[in-house]
Amino acid sequence: MMMMNTVSESRRSPLPAKVIILALQLTLLLSAEKFYADDPLEEMPAPLSVRELKTRKLNDVYDLFENTLGEPGERQTKKEKGRGAATLIPSQAVNTLGEVPNDPAWFTNRIGSRPMSIEELVRGPGADRPPSTEGTWTVVGAKTSGVTPGFRIRDSTGQLYLLKFDPLTNPEMSTASDVIGAKFFHALGYSVPENYIVNFTPDQLTMGEMVVVFDPESGRDRPMTRRDLILLREKVARDERGRFRAVASRFLKGKCLGEFRYYGTRLDDFNDIVAHEHRRDLRGLFVFSAWLNHNDSRAIKNMDLLVEENGISFVKHYLIDFGAMFGSASVISNTARDGNAYLWELKPALAQIATLGIWSPRWMRDRYIKHPALGMIEYPSFEPEQWKPNYPNPAFQNRLPTDEFWAAKRVMAFSNEAISAIVKEAKFSDKYAEDLLTDYLIKRRDKIGEAYFAKLLPRDEFKVSEGRLEFEDLQVKYGLVDDRDYQVEWSSFDNRSKQHTAIAGETSLRLPDAALQAAESSFFAAKIQGEDENKTVVVYLRKDGSAFKVTGIERSW
Amino acid sequence: MPKLAGGKLFVDLLAQHRNLPRLEYFGPGPSSRKEDRSQFRLEDTSADFTVGYRPFKYKFSRPLSLGVTGGFLKVNTGPGNLSGLPQTADLFSPQETPGLDDQTDYLRGGFFVQYDYRDNPLGPRSGGNYVAKFTYYNDRDLNMHDFRSLHLEAQQYFPFLNKRRVIALRTMAIVSFENPNQTVPFYIQPVLSGSDDLRGFRAYRFYDNNLIVATAEYRWEAFTGLDMALFFDAGKVVPRRSQVNYHDLEASVGMGFRFNVQNSVFLRIDVGFSHEGAQIWLKFENVC
């Protein structure tokens, strides 16, 4: 881990102290090894226990303006004309293989890292704890803003849920999105709530005490009454039997601390040491969001919870609220802009103003598919690189091809059967909607693979077997290109000086004799190159006993 | 007001009192002169009810409405309060401007039919709205101003480029049927020009018994939250019903900015131009 030290201007160290510090730093630097004994890290160290954190509520509008008008966080250096290549800031919170270690606060490796059964994918964060129907559900709170109503309910076991409904115009749309969105993001590795589709009649609900609801006619809060539940019929969609259909989102355990942003760190959480705009799991979230058209993936849709696990109290970072994915904008269907353009973009706006609207961006001219249960979706013209959330996101904008590759591997790991099984959980009443959404996700998945595997050399899944280095060409594996040639160069590697020494004449995947005869803990590297000489993968092997362990992977593009 | 019978029946009640201290008046008819600008005060009090029926549901709304209306209207006019501007009563006679010397109270009632299938009435991008309304005005005091009024209006929206561009067309006619030996008082006559019609002219520029107007707008989205528009308005007022046609219309052109939140327009700025000059309109609502 690299630490940055700063010296305050007002408290300068005397010169001898500076010399001592410099000497110490130099000593540390010279003694630093590229790989440590525990590399590659598969698990992050357990978090330190934190307590007494304050709730920090993020303002929705402020977040919009801050990210639209400014550039918060540390950004990749833009390449300046005639001044050479830009200095790139690689992702952090990754191990030497470029993978994100399991971290209870942020990310758990699931699909793409290990086999996941269809049952596990469908179960998602949980599938057996919907609100109990043994008794009625007591309304203990009401959503006081927004277009469609929402309630907090307590079931007969005392468990709290948030009930959210579909808009009248789009039955099943946002509830379907919320339920299957949570399952996809869970499989991808994030912490999400358990969401369940529930169908019920008004008799299932009873009024709790002191529930307040916002009255749009008076502009004030007032006590909620039974009549508000009856009037729900006019505001939300119902199924063919006249029952309400809602998503019941099980309340998460822990103290809500507000949302996490896509830049900086949470200053009162000393486990949060990597700037969010440099986290691979947040940079890579761009690719997942593009695939699932989660254009509402903004900070306001995140949640920090102070939780206790294994006796340690720490901040767990959740993604919540997936009602505005695919073709849904939650309370209405998507418009053509969703996923294609930011809410405000200066250049297209000026072009449209100046040309009186004669010039139009591509997304305005595209054809979209409309279905009440899906909203408005498109895939023929979907270009992952052109996809955009509702407004700029610092982590998304900092992404590099390595971040995209890391994410694309996970997207491509969803088989057609897996996608179909998860979509089934939306419980669409129209089979056509289910088929359409499945097809949409399969086609967009393939476009993700095409776009991001091509940006670098997509060799992965390295291992040493029977004296040979083996790997998969992911473009070949997924049928995106035919089998193709590559070149290999071997070198021995000094872990302390970080120097490579070429091993002449070794150009196959067979491990060089020098490696087979080397002492334990020796390092060797294989540089693999395809047709494009700029795209290479360097695989580092460490000799552990008589075996070799893949210790590091470096990619250039 | 309450929705009854599952939204099929509806009842609206509206009571209002207005005190407009300086309304402009340029004289009757299409040939009134800009130089004859005058002012008067209009005070009126009205209470009206509407009982309507929406027989069927289509998609997520009930587009067809049928109903009856009724109510009363009490009117008083007087001198305007803007110094330096002539009073209407000083420039025009009661013969050319009926009702100038004496105002009356009305009982009024009628019926209407409306077919509204706009996608979003607060910021329509597709669909249409068609209205026909007939109202009988019964002069309760003077027995000089009984008349019937027929209001016809059609709006149609043609979207393209995924509704980011819209051609909006609108036409409206108001035709008055005076009883024999009766007149329509000027303070209740159809008025042309304002923030919705003939936007290149001053507000309340044309008064007469009958009116016809047409508007065409090309609207385009500059970015989320701002639509822009080019518009062309044409219309006229005429004393006789037989003159209600699309000949010899006054015209204006202009450009507008429509600021919206979630596709509902909350602020509109239009700049209109005509042979009488330019006008700027600032409205906290959408154009029809």
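Two residues are in contact when heavy atoms lie within 4.5 Å of each other. By that rule, 16 residues of chain B touch 24 residues of chain A. This is a predicted model, in which local features need pLDDT of at least 70 and side-chain atom pairs count only at pLDDT 80 or more, while totals for chains, interfaces and linings use all residues. Residues are numbered from 1 along each chain as its sequence is written, chains are lettered from A in the order in which they are written, and side-chain values use heavy atoms, without hydrogens and water.

**The interface of chain B and chain A**

- The two chains bury about 1,600 Å² between them, 60% of it on carbon and sulfur atoms; buried area is the accessible area (1.4 Å probe) that two parts lose on being put together, summed over both.
- In chain B, the most area is lost to chain A by F60(B), N162(B) and T224(B), together 33% of what that side buries.
- β11(B) gives the largest share of the chain B side, five residues; strands are DSSP runs of E with at least two residues, helices are runs of H or I with at least four, and both are numbered from the N terminus.
- The chain B side divides into nine nonpolar, three polar and four charged residues, with Ala, Val, Leu, Ile, Met, Phe, Trp, Tyr, Cys and Pro counted as nonpolar, Asp, Glu, Lys and Arg as charged, and the others, Gly among them, as polar.

**The six-stranded sheet of chain A**

- Six strands form an open, mixed sheet in the order β4-β8-β3-β2-β1-β5 (chain A); two strands pair if DSSP finds at least two bridges between them.
- β4 (195-200) and β5 (205-207) of chain A each have a single partner strand, so one side of each has no neighbour in the sheet.
- β3 (residues 160-165) and β8 (residues 244-250) of chain A pair antiparallel over five bridges, and K164(A) stands opposite V247(A).

**The three-stranded sheet of chain A**

- Three strands form an open antiparallel sheet in the order β9-β10-β11 (chain A).
- The edge strands are β9 (255-258) and β11 (312-319) of chain A.
- C256(A) has L305(A) of β10(A) as its bridge partner.
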